[in-house]
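Colleague: Please show me the structure, and then let us discuss it by question and answer.

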Amino acid sequence: MKVMLKAALAAVFLAMAMAMAPAQAAAPVAKIEAMLAKPQQLCGRFDQSKQLAGMKKPLASNGRFCVVAGKGVLWRTLQPFPNTLRLTRDEIVHFQGERVAMRLDAKTEPVVKMINSVLFSLLAGDLAQLDTLFEVDGSIEGGSWQVALKARQPALAKAIGSIRLDGGAFVKNISISEASGDRTSIVFSAIETGPGAITAQEAALF
């Protein structure tokens, strides 16, 4: 369950990256918002490297992701082991193939409620909620931008730590520094948008 929630947090960071800038009006973050594409559907590849505190060799994984406005996030790890997570407003679902292996309900799991609150506040651009949750700092250089996020609430800071995002029209990289000392780097590539971005198999999981 802990591994599942960690992967869910990674999916939250992705959704946050896609929606963070529109939620903030202060310069230069408002300018970053104007640089970002805002498709209804966005899919692509992710390559993730996680450096655990006390370990020399990082853990590497890769797969596909899809962010669908109004529905949620699909996070499909392909290597080293197949694993699929679907995050919606009410739950986090772990699939093995097309079979549901585990379902965490936001009504009964406090951590799931926190994750989904962050995810959908970001997707919806809920200004009041986001301002409560994060301190935001942004900068622009040419056609590229960087955003740093720092959780305000102790419980969220313990789970997430600090986050850095960078990109142009789309987010390219997310770096996460957890309070435990663990560090995660996620690189996004092969971005596709529009109705053809998501496969029929992926769409069926929503």
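Colleague: In which strand does Ser61 lie?

Modeller: This is a predicted model, in which local features need pLDDT of at least 70, side-chain atom pairs count only at pLDDT 80 or more, and totals for chains, interfaces and linings use all residues. Residues are numbered from 1 along each chain as its sequence is written, and side-chain values use heavy atoms, with hydrogens and water left out. Strands are DSSP runs (E, at least two residues), numbered from the N terminus. The run that covers residues 59-68 contains Ser61, and this is strand S2.

Colleague: Is Ser61 buried or exposed?

Modeller: Buried means under 20% relative accessible area, exposed over 50%, and partly exposed in between, with a 1.4 Å probe and protein chains only. Ser61 has a relative accessibility of 18% and therefore counts as buried.

Colleague: Which residues does Ser61 touch, not counting residues up to four places away in sequence?

Modeller: Contact means heavy atoms within 4.5 Å. With those sequence neighbours left out, the residues touched by Ser61 are Phe46, Asp47, Gln48, Thr77, Gln79 and Pro80.

Colleague: What separates the C-alpha atoms of Gly72 and Thr88?

Modeller: Gly72 is placed in strand S3, residues 72-79, and is buried, with a relative accessible area of 0%. Along the chain, Gly72 and Thr88 are 16 residues apart, while the separation of their C-alpha atoms is 4.8 Å.

Colleague: Which residue in S8 is the bridge partner of Asp137?

Modeller: Strand S7 (residues 134-141) pairs with S8 in the antiparallel sense over eight bridges. In their hairpin, two residues lie between the strands, and Gly142 takes a positive phi near 65°. The bridge partner of Asp137 in S8 is Ala148.

Colleague: Of the residues in the largest nonpolar core, which touch the most other members?

Modeller: A nonpolar core is a set of buried Ala, Val, Leu, Ile, Met, Phe, Trp, Tyr and Cys residues joined through side-chain atoms within 4.5 Å. The largest has 27 residues, and those that touch the most other members are Ile174 and Phe188.

Colleague: Which strand gives the most to this core?

Modeller: The strand in question covers residues 144-151. With four residues in the core, the strand that gives the most is S8.

Note on methods
Two strands pair if DSSP finds at least two bridges between them.
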